[in-house]
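Here are my notes, jotted down while going through the model. Have it open next to you as you read.

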Amino acid sequence: MMFLRLLNVQGIAGIAVSLALAILLVIQKGETRHWRKESGRHEELYRDSEAALAGTIANYRAAAEQARAADQANADRVHAQQAKINEERSDEFEARLSAARAAADRLRSQARQAAADPRGGPNAPVPGLSAAPGQPHQAAGEDGFSLGAKELDWRLTATEQAIQLDELIQWVKAQAKVDNNAAVASSPESARH
């Protein structure tokens with residue numbers, strides 16, 4: 001107590017204020033530690049959410065790239081199938097036209113031979129062209145008339161047009177069978193919907 005005697009009221013008040021400030025400083029240091037921990041935790045949460053966002057963006061980009069690659073592969077497959085159909089139908093068309101034209105040439109040749117042959121005369125029957133593939137073949141002389149050059153040309157033109165239409169129908173049917181969405185139909189995503 002001797003120490004208190006040496007101090008006056010102002011000294012005691014100064015000590016009390018100093019003690020109060022020391023206590024407040026200790027409390028403030030505790031609060032600072034607490035908020036630093038909280039700040040570190042929030043910073044970690046922020047980094048984790050940023051990493052998750054970056055992962056999500058990377059996943060979406062990878063999925064989009066995979067979808068683009070699948071779309072391109074599907075488009076390439078469809079294009080290849082359609083090109084094959086085009087080539088097959090074109091080859092078949094050309095072969096059928098060549099056969100019809102060869103038959104017309106044979107008929108013209110036979111007509112010239114029949115006209116030049118005195119035994120056959122000008123009215124000797126000459127085989128004709130069928131109007132469409134798959135229909136029965138009719139000889140030109142069956143109707144009582146022989147084919148002239150004009151009639152033979154008309155029949156050849158009609159046969160060529162029938163072949164064109166038939167091949168167009170076959171082409172359309174073949175193109176309609178090409179599945180444009182085969183890759184989409186087989187994916188697990190579309191199976192769930």
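Which kind of link do the side chains of arginine 101 and glutamate 160 meet in? They meet in a salt bridge, with 2.7 Å from N to O; the term here means a side-chain nitrogen of Lys or Arg within 4 Å of a carboxyl oxygen of Asp or Glu.

1. Ground rules first. This is a predicted model, so local features need pLDDT of at least 70 and side-chain atom pairs count only at pLDDT 80 or more, while totals for chains, interfaces and linings use all residues. Numbering starts from 1 along each chain as its sequence is written, and side-chain values use heavy atoms, with hydrogens and water left out.

2. The overall picture. The chain has five helices and zero strands, so defined as DSSP runs numbered from the N terminus (helices H or I, at least four residues; strands E, at least two). Buried residues make up 16% of the 193 residues; buried means under 20% relative accessible area, exposed over 50%, and partly exposed in between (1.4 Å probe, protein chains only). Of the contacts with a separation of 6 or more, 63% come from residues 24 or more positions apart, a contact being heavy atoms within 4.5 Å.

3. The core. Six residues form the largest nonpolar core: Phe93, Leu97, Ala100, Ala104, Leu156 and Ile163. Helix 2 (9-116) and helix 3 (149-176) each supply at least two of its residues, and helix 2 gives the most, with four. For the record, such a core is a set of buried Ala, Val, Leu, Ile, Met, Phe, Trp, Tyr and Cys residues joined through side-chain atoms within 4.5 Å.

4. Arginine 101 lies in helix 2 and glutamate 160 in helix 3, so the pair ties together parts that are 59 residues apart in sequence. Glutamate 160 counts as buried at 17% relative accessibility, whereas arginine 101 is partly exposed at 38%.

5. Lysine 84 is exposed at 53%; glutamate 88 is partly exposed at 43%. Aspartate 105 and arginine 108 also form a salt bridge, at 3.1 Å between the closest N and O atoms, and being three residues apart in helix 2, they too are separated by about one helical turn. An α-helix has 3.6 residues a turn, so residues three or four places apart point the same way.

6. Glutamine 175. This residue of helix 3 counts as buried at 14% relative accessibility. Leaving out residues up to four places away in sequence, glutamine 175 touches Gln82, Ile85 and Asn86. A polar atom of the glutamine 175 side chain lies 3.5 Å from the backbone oxygen of glutamine 82.

Conventions. Polar contact = N/O pair within 3.5 Å; in protein donor to acceptor, adjacent residues only side chain to side chain.
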